[in-house]
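Please keep the structure open beside them and find each element as it is named.

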Amino acid sequence: MSTPFIYSQAAASSQAHGAPFLPTAWARLQRTPFTLVLAVLVIGIVAAWALVPGWFAGQNPVQGVARQQLLAPDAAHIFGTDGLGRDLYARVVHGAVHSLSGAFVAVVVGLVMGTLIGLLAGAIGGWVDDLLMRFVDVLLAVPALLLSLSIIIILGFGTVNAAIAVGVASVASFARLVRSEVVRVRRADYVEAAFGSGGRFWPVLWRHVLPNSLTSVIGLAALQFGSAILSISTLGFLGYGAPPPTPEWGLLIAEGRNYLSTGWWLTTVPGVLVVLVVLSANRISVAFSNVSRGQE
Amino acid sequence: MSILSLVKPTVLELENLHIAYTDHGHEQPVVHGVSLTVAAGEVVALVGESGSGKTTTAQAVIGLLADNGRLTQGTIRLNGEDITGWSQKQLDGIRGRVVSLIPQDPTSSLNPVQTVGRQIAEILKIHRHVARGDVADRVVELLARVGLSQPALRATQYPHELSGGMKQRVLIAIAIALQPALIIADEPTSALDVTVQRRILDLIDELRREFGTAVLMVTHDLGVAADRADRLVVLQGGRIQEQGRTAAVLADPQSRYTRRLLADAPSLALKNFRPAPAADLPADDAIVVTDLVHEFALSGRRDSFRAVDGISFRVRRGSTHAIVGESGSGKTTTVRDVVGFQKPTSGRISIDGVDVAGLRGEPLRQFRRKVQLVHQNPFTSLDPRQTVFRIIEEPLLNFEPVKAEERTRRVNEILQHVGLPASVLQRRARALSGGQRQRVAIARALILRPQVLVLDEAVSALDVTVQAQILALLETLQKTLGLTYLFISHDLSVVRQIADTVSVLQGGRQVDSGRVEDVFLRPGSDYTRELIAAIPGQANHDDELELFPETAASYRLLHATA
């Protein structure tokens, strides 16, 4: 760029004329980044495992088969078997529902509570804003895992409680994002116009401020979904989540730890799976935020 | 003009230019065969509405089309050299040196984290125009040349420390730094106040005369084009409707489109004032503002800033009162006090006998049925997530319940009033044009059947033709519904057309007020005189007109020998 004044048009200078393409579904798929297609595929498969595990894995995930302990991956057991002779593939497939539903509950808890706090803080302002946001600051100051552990110790162990604990730990990030969006949208002309035509505070908040604040929150929700799976697995690994013999992924890794030298697949397979799902969720979240930015 | 003007070399030559944008796989042609030339020292104005392809054409010249834009046909010759299809790298060599750009919006065109001095120095360094040691001196020299006071200080300041007009001067300094043969000015003054606009245009004119630079000016404002350009090129829908010498086009427009543009431009319209209101108007005042003062507390300081300082005016029911002033004059603060969005520090605002400043809570909400505000920018005043129907219907939901069929009936009724087809009801605001959006905003304001409509620069963001339509709509609505308007504007030519009475504000004070005719013909202050003089479209083409309709050559010859 030879001229500094084209600051606002700098992006336009990198010209690239894409080849003309047909507006078909296949062409649209080709235009979609490969990594995004892969991410959707991973999440799709795992979601299908969670919904109908029986279609994917016939073996019993809980009952072991005698003399089939610690078999390395082969054609019969593609992920191998564990120390009790249970098929690891079946355990992973049947475990998906625990990790996914846990993550889902966690995101819903974080989203609802965080949005509520952020909305109130941003819309009312003043001392309410100060009070709520300082509370959020306190939440952020405590490490998320420590916070989750404290909550789970109050609530008691279990899949749902672990999910709630993880969700509460993510309230702060949701609240902050929603508040900043609400503060921005509240100053918009159309909100002023809504008040100007006699709108009352809560209806205007519900009709205009909330819907227009939520676009970027969807991106964060997808991101939190990934990290919730990681956190729930962490809690499971530490023994605060679902009790054995539930094939929850974190628990699978914890159990496999005992066989690290003899059965590498017991830790590697669920570990890689967790990583894949988290990365995929992150990739989808990036796509969401790109879309919402493109709209503006 | 000297005899030399006959042999001025052509700087820019566009021949049969076709440009298309690719949108979702479809190639949408937007410029269809534009041909024009710009000679050295000449100002050619590219005039048209938004969407006419004028900016696209100008961007193509400097190689700055958006990513999905493509030159499909035609040639661009700069100083005789064919630059069509040059790569960005090749173009980098000529941008700034041979052709440069003065962008539209000075606020977003400077890098906010660099001093303006560094930004000017950058172009000198890139093209190795002056020795490294002399760059700083040259920067100061350039800043002085574009008329900035204390140029050495300005060079060390950041963009946010300068006003809009000063930033535009900095951008002009960058544009002229290497004395290019051609300057493309893309709506260079649209974002500026009228008096600033005039000074900036004077500056461009002066520099052009001094360096003999050719100027391609892109503008939607026919008044500006009429004042400043030697030749006009009128574009519509990507096609040239007409081109010719400014005086000739203005005196005898050949195309119907040009005639409409000329008729719609408020600054060029017949300088008639609005006829005095009919005698049968009720004689009472709908709005009475007395000694309005509004102070803003300055953060971290004890004293405060007085944005509005003792303003008083009365508006008769069914008439239009205009508040005129430049940015910072306090007109927006006044309006927000009048509609009850904020409380004045002191003074009285009475609308229909109700004291607005005393209203709070529910009474204030009920008061809003009487007074409605139409915002300046129809692109931000409509909720992007709602359909037009929901937007217009919403005010009805705020007061006593109205049955669903009744609401639908009233929405349809008001839609007819503002001249929109029923088919827009299910669309969202982003699918509408600026003019349509402003009609939706007016419909939303009118559905509560208010008595006073406050229009905050309600036509400033619109094209002249659309502006003329909205102004005509406002006239009709006022007659049929007996509305009282408070019309805020920086554009005196619009005010002349629509208002009965006017207040001129400067720095929060009212420097002039009264009937529009009196204020225009006998301005009471220097500031008002300056504002009136700054209305574009007043340049005198009479001497050229006498020559019309002789051919351009003999015209030039006559001038050359004179």
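1. In this predicted model, chain B contains an open sheet of 6 strands, whose order is 16-17-18-13-19-20 and whose pairing is mixed. The edges of this sheet are formed by strand 16 (371-374) and strand 20 (509-515) of chain B, each of which pairs on one side only. On average, and with direction ignored, neighbouring strands here are turned by 15° against each other. As background, the strands of a sheet pair through backbone hydrogen bonds, and the pairing may be parallel or antiparallel.

2. Helix 15 (residues 434-446) of chain B lies across strand 16 and strand 17 of chain B, and it runs at about 170° to strand 16 of chain B. Is A445(B) buried or exposed? A445(B) is buried, because 27 other C-beta atoms lie within 10 Å, and the cut-off for a buried residue is 20 or more. Leaving aside residues up to four places away in sequence, A445(B) touches Q372(B), L373(B), V374(B), P450(B) and L453(B). Although A445(B) and V374(B) are 71 residues apart in sequence, they are 6.7 Å apart in space, C-alpha to C-alpha.

3. Chain B also has an open sheet of 4 strands, in the order 12-11-14-15, with antiparallel pairing. Strand 12 (304-316) and strand 15 (354-355) of chain B stand at its edges with a single partner strand each, so one side of each has no neighbour in the sheet. Strand 14 (residues 346-351) of chain B pairs with strand 15 of chain B in the antiparallel sense over 2 bridges, and S350(B) stands opposite D355(B) in strand 15 of chain B. Helix 11 of chain B packs on this sheet too, touching strand 11 (285-297), strand 12 and strand 14 of chain B, and its direction makes about 120° with that of strand 11 of chain B.

4. Turning to the domains, the assignment for chain B gives domain 1 (3-264), domain 2 (284-370 + 452-461 + 481-534) and domain 3 (379-449). The centres of domain 1 and domain 2 of chain B, taken over C-alpha atoms, are separated by 36 Å. In the contact between them, 5 residues of domain 1 of chain B meet 6 residues of domain 2 of chain B, and the residues on the domain 1 side divide into 1 nonpolar, 2 polar and 2 charged.

5. Why can helix 6 of chain B be called largely enclosed by the rest of the structure? The reason is that 12 of its 13 residues are buried. The buried residues of helix 6 of chain B pack against strand 6 (99-102), helix 3 (116-126), helix 4 (135-145), strand 7 (182-186) and helix 7 (194-211) of chain B.

6. Chain A, finally, has a secondary structure of 14 helices and 0 strands, and buried residues make up 45% of its 296 residues.

Terms used:
Residues are numbered from 1 along each chain as its sequence is written. Chains are lettered from A and ligands numbered from 1 in the order in which they are written. This is a predicted model: local features need pLDDT of at least 70, side-chain atom pairs count only at pLDDT 80 or more; totals for chains, interfaces and linings use all residues. Two residues are in contact if their C-beta atoms, placed from the backbone, lie within 7 Å. Two strands pair if DSSP finds at least two bridges between them. Axes are lines fitted to C-alpha atoms, for helices over the stretch in contact, and angles run from 0 to 180 degrees between N-to-C directions. Domain bounds come from an automatic or database domain assignment. Ala, Val, Leu, Ile, Met, Phe, Trp, Tyr, Cys and Pro count as nonpolar, Asp, Glu, Lys and Arg as charged, and the others, Gly among them, as polar.
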